[in-house]
Amino acid sequence: MLAKTYSYGINGLDAYPVCIEIDAARGLPTTVIVGLPDSAIRESKERVRSAIRNSGYQFPSGRNTVNLSPADTKKEGPSFDLAMAIGILAATEQVNPAYLGQYAFLGELSLDGRIQPVSGALPAALAMSKTRFKGLILPSANAPEAALAQDTRIYPAKTLNDVVYFLEDPSTFLSFKQEPPPNFPSPIDYDVDFSDVKGQTHVKRGLEIAAAGNHNVLLIGPPGSGKSMLAKRLPTILPDMTLEESLETTKIHSVMGLLDTQQGI
């Protein structure tokens, strides 16, 4: 049987939708993943198999083909695990397929079926606001981050079983809510300040002009002349970021996996 689920891949700082097609057919026991997957995705078949079995479901013993579309775009990372697992369960009629086309799935699976956090949840949530999907199902740890996208409904899940229960009747579940935007504007307490610099008149003047005019800065000089010291103090004279600029910066941290959800945006 054929089933389709949806997820998101990351290209630079932006997310793009990925259709995951699952074909569970008769044949020699094997699972093949196509669509330019990287090593982390190719290894996902082992994680998905164990997660499905340890969650109390049956993994199909025939030939399983997983296609990541668009097939000409390289896919990276383990964030497609959850969508693959739900697709396999749908293809084998172990989960209600009625709502599969209405939601996107994001998450890495542990062998026991728990859903681990992934990088790039915020770009995926921001991209979803422009699509027809009703919501994004993702790890609970990524929910505060994804909730920064105010136009996207976020449904956090801790285990594969939670997602299966959700798909039985999504109307009985409430989306994750967080006051927009969390911790913004947040006061920044710098350890250094531009006023600490004594002398360096011409350099300080150049930095002030660059900060006021949104120009780039290149500092050249011998070791110990104050380049790093001045560069560290440049942010202290910059104006506070707008919400759009803050989201753009937060996307960078999200894609790199450096976002501290306790600090908010």
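Ser254 is buried, with a relative accessible area of 2%. Here buried means under 20% relative accessible area, exposed means over 50%, and partly exposed lies in between, for a 1.4 Å probe and protein chains only. The model is predicted, so local features need pLDDT of at least 70 and side-chain atom pairs count only at pLDDT 80 or more, while totals for chains, interfaces and linings use all residues. Residues are numbered from 1 along each chain as its sequence is written, and side-chain values use heavy atoms, with hydrogens and water left out.

Ser254 is found in helix H9 (residues 243-256). Helices (H or I, at least four residues) and strands (E, at least two) are DSSP runs, numbered from the N terminus. Contact means heavy atoms within 4.5 Å. With neighbours within four places in sequence left aside, Ser254 is in contact with Ser119, Gly120, Ala121, Leu122, Pro123, Glu145 and Leu259. The C-alpha atoms of Ser254 and Asn142 are separated by 9.6 Å. These two residues are 112 residues apart along the chain.

Strand pairing comes next. Two strands pair if DSSP finds at least two bridges between them. Strands of a sheet pair through backbone hydrogen bonds, either parallel or antiparallel. Strand E1 (residues 2-11) and strand E2 (residues 14-25) run antiparallel and are joined by 10 bridges. Tyr8 has Pro17 in E2 as its bridge partner. Two residues lie between the strands of this hairpin. Gly12 takes a positive phi near 70° there.

An open sheet of three strands has parallel pairing and the order E5-E8-E9. E5 and E9 are the edge strands, each pairing on one side only. From one strand to the next, the twist averages 25°. Axes are lines fitted to C-alpha atoms, for helices over the stretch in contact, and angles run from 0 to 180 degrees between N-to-C directions. E5 and E8 pair in the parallel sense over three bridges. In this sheet, Phe105 stands opposite Ile137 in E8. E8 is mostly covered, with five of its five residues buried. E8 and E9 pair in the parallel sense over four bridges. Leu136 has Ile154 in E9 as its bridge partner. Leu138 is bridged to Pro156 in E9. Helix H4 (residues 121-128) packs on the sheet and touches E5, E8 and E9. The direction of H4 makes about 170° with that of E8.

Helix H6 (residues 160-168) has the buried residues Leu160, Asn161, Val163, Val164, Phe166 and Leu167. These residues pack against H2, H3, strand E5 (103-105), strand E7 (115-116), strand E8 (135-139) and strand E9 (154-157).

A cavity is a set of points where a 1.4 Å probe fits but cannot get out. A pocket is an open set with protein on both sides within 12 Å along at least five of seven lines. Lining residues have an atom within 4 Å of a point. Grid points are joined across faces, edges and corners, and a volume is the space filled by probe spheres set on the points. The count comes to two cavities of 30 Å³ or more.

The second largest cavity holds about 40 Å³ of space. Its lining consists of Thr31, Ile33, Lys45, Val48, Phe59, Val66, Met84 and Ile88. Strand E3 (30-34), helix H2 (44-54) and helix H3 (81-91) each supply at least two residues of this lining. By class, the lining has six nonpolar, one polar and one charged residues. Ala, Val, Leu, Ile, Met, Phe, Trp, Tyr, Cys and Pro count as nonpolar, Asp, Glu, Lys and Arg as charged, and the others, Gly among them, as polar.

The second largest pocket holds about 220 Å³ of space. Residues that line this pocket include Ala210, Asn214, His215, Leu234, Asp240 and Glu245. The lining divides into seven nonpolar, two polar and two charged residues.

Asn214 also has a positive phi of about 60°, although it is not a glycine. Asn214 lies in the loop between H7 and helix H8 (227-233). Asn214 is exposed, with a relative accessible area of 74%. Gln200 is another residue other than glycine with a positive phi, near 55°. Gln200 lies in the loop between H6 and helix H7 (201-213). At 30% relative accessibility, Gln200 counts as partly exposed. Finally, a cis peptide bond joins Ser69 and Pro70, with omega about 10°. Pro70 is found in the loop between strand E4 (63-69) and H3.

Terms used. On a 1 Å grid over the protein atoms alone, a cavity is a set of points where a 1.4 Å probe fits but cannot get out, and a pocket is an open set with protein on both sides within 12 Å along at least five of seven lines; lining residues have an atom within 4 Å of a point.
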